[in-house]
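My notes follow the order in which I looked things up.

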Amino acid sequence: MLEIGQKAPDFTLPGVDDATHSLAALLADHKAVAVIFSCNHCPYVRAWEDRMIAIQSDYTARGVALVAINSNDATRYPDDDFASMKKRAAEQGFNFLYLRDETQEVARAYGATHTPHVFLLDSEGVLRYRGAIDDSYEDPASVEFPYLRDALEAVLAGQTPKIAVTDAVGCTVKWK
Amino acid sequence: MQIDFLYWAECPSHPQAWQRLLDALDALAIQAEVRRVEITTDEEALRWGFPGSPTIRVNGQDIDPAAKRLPARLTCRLYYRDDGRPSPLPPESMIRRALTAAQAREQPLEKGN
């Protein structure tokens, strides 16, 4: 698994916007990139989805890109195929990139284990935070530790996040 | 009353769902025979008609009426809270409603006996 302080592997993946996106290009244009392994079918992702949209909305002007990557095996979980991803993104009004990792190579390179699983990179592509979005998947009103937001604030201020690693909570990545 | 609590260990919400079930039984003072069943394979999911983890059935009926439309598979299950938010956990209110309804159905039989 990618460890804090390590440089993240580059990737080039197709997005639901019918464009191809690379991490290198995203890093060139942003102060931080939050790579979140995600999917369509997982209820934990669904529970956190509106918070992902809110984070992207709140941090766009500050140079943050949130990138969701779906690596799940769509044969066993057809809700996670590319067509369904496009549909989900349109229905929910995703304001972040949603990419398909068909070969699962990116998930393996990062060591993603769950959906959602956050890997927050600074502008150099170095991992600064890894884990959950916050500490309450069920209820945004119950969040005591907004891990990703806190880590973003630290990274944007050029500081080290106080909490750099948390347990990813959610569905397991569905490997082929 | 017979209750089946079906779960897949890969979905981390099952301990919390189990506790919600026990709390609801306690709050409603319901005596029930509760069976915990761990589903581990696609074959078991099919055999049990398991639409995802966790699944709670009271006297054979799923606590969520929407379950009839769900395919059987090894997955985490999506519920909706009363406020409409998606959740991997069955809401306490859904569990209580199912238990109360089952209790009401059983009472006439008990009186008749």
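I looked up pairs across strands and found Ile69(A) opposite Leu99(A) in S5(A). Val67(A) stands opposite Leu97(A) in S5(A). Strands here are DSSP runs of E of at least two residues, and helices are runs of H or I of at least four, numbered from the N terminus. This is a predicted model, in which local features need pLDDT of at least 70 and side-chain atom pairs pLDDT 80 or more, while totals for chains, interfaces and linings use all residues. Residues are numbered from 1 along each chain as its sequence is written, and chains are lettered from A and ligands numbered from 1 in the order in which they are written.

I checked the pairing next: S4(A) (residues 64-70) and S5(A) are parallel over 4 bridges; strands pair if DSSP finds at least two bridges between them. The chain passes from S4(A) through helix H3 (residues 82-92) of chain A to S5(A).

I then noted the side chains of S5(A) (residues 97-100): Leu97(A) and Leu99(A) point one way, Tyr98(A) and Arg100(A) the other, and all are buried (20 or more other C-beta atoms within 10 Å of the residue's own, with C-beta atoms placed from the backbone).

I wrote down the strand order of the open sheet of 5 strands in chain A as S5-S4-S3-S7-S8, with mixed pairing. S5 and S8 (127-131) of chain A are at the edges with a single partner strand each, so one side of each has no neighbour in the sheet.

Last, I looked at the contact between chains: 11 residues come from chain A and 12 residues from chain B, where contact means C-beta atoms, placed from the backbone, within 7 Å.

Technical notes: Two residues are in contact if their C-beta atoms, placed from the backbone, lie within 7 Å. A residue is buried if 20 or more other C-beta atoms lie within 10 Å of its own, exposed if 12 or fewer, and partly exposed in between; C-beta atoms are placed from the backbone. A crossover is right-handed if, with the strands pointing away from the viewer, the path from the first strand over the helix to the second runs clockwise.
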